[in-house]
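Look over the sequence and the model below before reading on. The text then goes through a few places in turn.

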Amino acid sequence: MEFAVSTDDTAPNGAIPSQIPNIEVEPATEPTIAHPLPRVLAVANQKGGVGKTTTTVNLGAALAEMGLRVLLIDLDPQGNASTGLGIENRGLERSMYHVMLHDEPLENVVEPTDVMNLFVAPASLDLAGAEIELVPAFSREQRLKRAIDSVIDDYDYVLIDCPPSLGLLTVNGLSAAREVLVPIQCEYYALEGLGQLLRNVDLVKRNLNPQLDLSTILCVMYDARTKLSDQVVGEVREHFGEKVLRSVIPRTVRLSEAPSFGQPITTFDSSSRGALAYRDAAKEVHRAAT
Ligand SMILES: Nc1ncnc2c1ncn2[C@@H]1O[C@H](COP(=O)(O)OP(=O)(O)O)[C@@H](O)[C@H]1O
Ligand SMILES: [Mg+2]
């Protein structure tokens with residue numbers, strides 16, 4: 001890609017690329033099917049820093065606020081979803097690592113959060129080793145699925161925060177889920193590499209989980225001051241059609257501050273733009289279940 005984009009993405013009349021890097025696969029625009037409760041969604045995108053964890057936490061909190069019982073599974077060794085909900089994951093005796101590698105029942109690691117109806121199965125750093133430790137393990141791609149099957153009756157939504165890779169942890173996430181939710185950043189390189197994710201979703205679908213449906217795309221970190229944001233949203237809608245939520249998540253400092261207070265945006269700053277946007281997105285997501 002030769003085109004150099006101005007990094008000053010706040011410039012209202014900044015350079016606009018004539019073409020955004022393309023997705024290297026066929027458009028996936030067929031309308032999404034109905035998804036009855038309970039729903040299991042993997043929040044995936046192999047890039048880091050694109051808003052997976054922020055989306056998992058805040059969409060989860062917004063669904064919980066609607067009275068739905070939500071379990072958030074932290075599958076990222078960084079454990080940002082856990083700490084972002086006020087769960088101290090250092091020195092945890094039992095975490096998703098033990099569920100994935102040592103057959104610990106999932107219900108034993110689930111913790112309540114300060115948000116009613118919102119529960120989290122925390123990750124700890126040792127989960128990083130799971131990518132390797134899982135390789136020789138029996139039924140290594142289906143461990144999370146079996147764990148979730150044992151608790152699914154207790155929840156309306158299970159949201160899986162996947163790590164930024166396409167390794168065995170993400171494969172477990174995709175095998176356990178019925179749906180994939182992909183957050184896409186409204187930025188120049190956002191669509192690059194998405195083809196790889198879509199191919200992996202397809203591989204898992206063909207080999208492990210025929211029911212898997214890439215049901216939901218959420219545009220995040222939208223900056224109303226840039227034409228680029230609109231251009232990316234336009235491209236994404238053109239490519240993914242009905243799968244793209246009408247709600248778009250703005251880029252706001254409040255959303256990035258909330259995790260350090262161990263709270264989702266819905267309680268940290270309940271009337272902020274970020275909170276309103278994630279509530280809108282949650283309503284839209286839930287519409288597919290009703
Ligand atoms: N809409 C947003 N506005 C501002 N900052 C955001 C927004 N979404 C995410 N962030 C920040 O961007 C960084 C990466 O987001 P994160 O959700 O952790 O991405 P991922 O889980 O994909 O690595 C974090 O510091 C987060 O607080
Ligand atoms: Mg993350």
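In which helix is glutamate 284 placed? Glutamate 284 belongs to helix α11, which covers residues 273–287. Helices here are DSSP runs of H or I with at least four residues, strands are runs of E with at least two, and both are numbered from the N terminus.

This is a predicted model, in which local features need pLDDT of at least 70, side-chain atom pairs count only at pLDDT 80 or more, and totals for chains, interfaces and linings use all residues. Residues are numbered from 1 along each chain as its sequence is written, chains are lettered from A and ligands numbered from 1 in the order in which they are written, and side-chain values use heavy atoms, with hydrogens and water left out.

Glutamate 284 is buried but has no salt bridge. Buried means under 20% relative accessible area, exposed means over 50%, and partly exposed is in between (1.4 Å probe, protein chains only). A salt bridge needs a side-chain nitrogen of Lys or Arg within 4 Å of a carboxyl oxygen of Asp or Glu. For glutamate 284, the nearest side chain of opposite charge is arginine 246, at 4.7 Å; Lys and Arg count as positive, Asp and Glu as negative, and His and the chain ends are not counted. The side chain of glutamate 284 does make a polar contact of 2.4 Å with that of serine 247. A polar contact is a pair of N or O atoms within 3.5 Å; within protein, one must be able to donate a hydrogen and the other to accept it, and residues adjacent in sequence count only if both atoms are side-chain atoms.

Leucine 212 sits in the loop between α7 (194–207) and β7 (213–220). Its relative accessible area is 1%, so leucine 212 is buried. Leucine 174 is 38 residues away from leucine 212 in sequence, while their C-alpha atoms are 7.5 Å apart in space.

Helix α1 takes up residues 52–65. Of its 14 residues, 12 are buried, so α1 is largely enclosed by the rest of the structure. Among the buried ones are Lys52, Thr53 and Leu63. Just after α1, glycine 67 has a positive phi of about 90°.

A polar side-chain atom of threonine 53 is 2.8 Å from an oxygen atom of ligand 1. A backbone N or O atom of glycine 51 lies 3.0 Å from an oxygen atom of ligand 1, and one of threonine 252 lies 3.0 Å from a nitrogen atom of ligand 1.

Methods. The expected span of a helix is 1.5 Å times one less than its number of residues.
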